[in-house]
Amino acid sequence: MALIDTGVQAPTRRELLHAIGVMGGASLLYQAMESMGHAAESQFKGPPNLQGARPGASVLVLGAGLAGMLAAIELRKAGYKVEILEYNNRPGGRNWSLYGGDTYTELGGAVQQVGFAKGNYLNPGAWRIPYHHRTILHYCKAFGVALEPFMQLNHQALVHNSKAFGGKPQRYRELAADWDGNVAELLAKAIDNKGLDSELRAEDRDRLKEALRDWGLLDKNMRYSKGLRSSRRRGYDRPLGGGVDAEPIASTPFAFGDLLDARIGGIVAQHMENQHQTTMFQPVGGMGMIGKAFGKQVEGLIRYGAKVTKIDQSGGAVTATYTDIASGETRTAKADYCVCTIPLGILSQIEVDASPGLLAAIAAVPYSNSVKVGLEMKTRFWEDDEAIYGGISYTDQPIAQISYPSGGLHSAGPGVILGAYTFGPASYKFAGMAPEERVRTALEMGAVFHPGRYKEQFSNGVAVAWSRVPFTLGCCAQWNEATRKEHYQTLCAVDDRIVLAGEHASYVGCWMEGALLSSLDAITRLHTRALEA
Amino acid sequence: MIKTLLRCLVLVAVPALCAPAIAAEPAAPHPGEKVYREVCQACHMANAKGAEGAGRITALAGNSNLAYPEYPISIVTGGKGAMPWFRGQLSDQQIADVIGYVRTHFGNKYKGKVTAAMVVENGAPVQLRDER
């Protein structure tokens with residue numbers, strides 16, 4: 001990681017790209033950027049524009065989630081006759097919002113009536129869209145889904161760690177400012193103590209110190225200290241005002257040990273991931289708007305309430321046997337080809353006529369679990385009292401985080417807080433509770449952020465445990481290095497007349513983008529196969 | 001399999017070996033109860049009867065596959081279908097405890113103590129849960 005350069009004055013990337021842009025125009029510039037690793041944040045190359053299906057050729061799509069519906073939309077454009085079978089009575093799959101008046105029955109039979117006010121919702125599954133998820137963004141625009149910013153990082157939100165600050169939550173802004181300031185000071189000390197002499201030339205050490213002074217807001221002695229300079233970032237005890245008491249009063253930074261106790265480094269890192277970087281989006285009115293918009297595109301093609309029990313591909317066609325849930329009747333649907341988007345945990349229980357390799361791949365991937373809890377509050381007290389507009393407060397309790405609604409900012413009336421988004425063991429603990437106990441526990445734990453308001457302003461809640469979701473039996477496909485190596489390519493390959501698609505057949509696992517990219521790739525290969533037949 | 005049969009024979013032939021485990025304090029909760037409640041019941045339900053939607057969650061209540069501990073050990077440590085592996089998430093002792101608990105509750109009356117050593121002997125090796 002030595003910063004000592006070789007002395008060769010090569011042009012910078014920017015200089016080179018500018019020269020290419022001037023000489024060759026935009027498309028050449030784009031090509032050059034791609035080959036240099038820029039502009040390569042997405043594998044989306046635009047809609048597949050498939051054409052020339054053989055007359056009368058048909059495709060059966062299993063599952064009306066985003067992957068299945070996109071397959072249907074694009075294959076129909078190519079000239080295929082398309083039919084979709086869907087277990088639920090709505091389009092969207094894990095793209096889903098629960099609104100007031102909705103009823104949700106989980107596995108085990110617990111029924112929840114959602115009591116949210118009009119316009120409020122919980123997104124049990126997908127809830128945010130990164131700016132570089134170009135596929136989902138493209139189709140949102142194409143299908144008229146209005147988007148608004150999703151607040152990921154909010155400096156005014158809180159961080160709670162039961163082992164730091166006596167269990168009292170602190171502002172992200174103060175913690176993050178103090179983290180950077182302290183790290184900058186320590187690095188500057190390391191330079192002064194000759195700790196970096198073997199890594200840096202003298203002039204680079206000086207330049208780094210200069211940068212650290214700006215980055216960490218260090219004082220003239222290269223210390224991160226109490227003063228108006230550090231307060232510019234972490235906030236003041238008395239903020240800047242007008243008139244006689246206008247002069248600000250500096251705030252006091254936290255001790256570095258407390259920051260380590262609060263594990264603020266890990267929280268800061270949350271927001272740094274490319275999947276969480278600015279800008280993030282959400283649909284206006286709930287994530288489920290996307291599923292509805294896709295559903296509109298394939299209106300009349302979906303057979304709802306169809307539980308697939310068998311997939312056969314003998315005799316030059318694909319035949320799916322399914323139970324029509326409403327009547328209990330066993331029926332079949334037949335087509336030349338099949339795009340199967342059924343989650344692997346369910347597909348592994350269905351009799352599938354496919355190669356042993358594909359069957360092994362289907363059976364090899366377990367599903368993760370997660371629990372989300374929506375808590376409706378009578379007022380938006382986090383905005384009115386604390387100026388928190390959207391964003392996430394983190395805790396080391398099992399609820400992991402609470403998220404304030406990014407929609408309807410600064411409006412009056414009730415708002416829904418995401419009161420829990422669990423990971424790992426906490427998901428199982430929460431999922432094992434009855435829904436009302438999950439809501440009660442989330443409320444109890446979340447109250448640490450807003451004592452005196454959280455429980456007092458609560459009006460009603462809903463909780464979705466993904467291990468008990470009837471149409472998935474889990475949250476997302478949970479690959480690891482070994483299973484990827486052994487099964488991933490087989491899982492994606494066209495198996496005679498069947499191809500699988502969904503987030504499980506992607507490396508963008510658990511994101512809508514992965515489902516869509518997988519779908520586009522799968523249908524492109526299936527179309528090629530159909531034309532070669 | 002031979003190993004399984006031998007263990008059965010031993011257990012049948014020497015019931016005294018099993019007796020202390022069965023005669024545990026009736027008031028003390030079974031050590032596997034907490035693990036069941038905080039992990040297994042997320043899917044298999046509090047009554048261990050499982051459930052059915054688009055797919056099925058196996059009922060552990062009255063389940064004849066629990067007759068020999070080797071089978072549930074292989075499932076809990078190695079996973080099956082949508083069910084992830086739990087070796088590495090739970091200790092071998094916790095896995096032994098919860099299997100022992102399920103084999104003796106929910107209408108199951110299988111004899112024989114399940115030990116951490118049996119989990120070591122019959123379990124799948126620890127696998128990473130890299131992603132999500």
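A residue is called buried if 20 or more other C-beta atoms lie within 10 Å of its own, exposed if 12 or fewer do, and partly exposed in between, with C-beta atoms placed from the backbone. The structure here is a predicted model, in which local features need pLDDT of at least 70, side-chain atom pairs count only at pLDDT 80 or more, and totals for chains, interfaces and linings use all residues. Residues are numbered from 1 along each chain as its sequence is written, while chains are lettered from A and ligands numbered from 1 in the order in which they are written.

Let's start in chain A with strand S18, residues 337-340. Strands (E, at least two residues) and helices (H or I, at least four) are DSSP runs, numbered from the N terminus. In a regular strand the side chains alternate between the two faces of the sheet. Both faces of S18(A) are covered: A:Tyr337 and A:Val339 are buried on one side, A:Cys338 and A:Cys340 on the other.

Who are the neighbours of this strand? Two strands pair if DSSP finds at least two bridges between them. Strand S1 (residues 58-62) of chain A runs parallel to S18(A), joined by four bridges, and A:Leu62 has A:Cys340 as its bridge partner. Strand S25 (residues 498-500) of chain A is also parallel to S18(A), through three bridges; here A:Cys338 stands opposite A:Ile498.

Now pick out A:Val339. Two residues are in contact if their C-beta atoms, placed from the backbone, lie within 7 Å. Leaving aside residues up to four places away in sequence, A:Val339 touches several residues, including A:Val59, A:Ala71, A:Val499 and A:Leu526. A nonpolar core is a set of buried Ala, Val, Leu, Ile, Met, Phe, Trp, Tyr and Cys residues joined through C-beta atoms within 7 Å. The largest one has 163 residues, and A:Cys338 and A:Val339 are among those with the most contacts inside it. Apart from this core lies another of eight residues, among them A:Ala184 and A:Tyr224.

Chain B has six helices and two strands, which run α-α-α-β-β-α-α-α from the N terminus on. Of its 132 residues, 36% count as buried. Look at helix H4(B), residues 70-78, whose buried residues are B:Pro72, B:Ile73, B:Val76 and B:Thr77. These lie on the same side of H4(B), because they cover an arc of only 120° around the axis, taken from the directions from the helix axis to the C-beta atoms. Their cover includes helices H5 (92-103) and H6 (116-122) of chain B. Just after H4(B), B:Gly79 takes a positive phi of about 80°.
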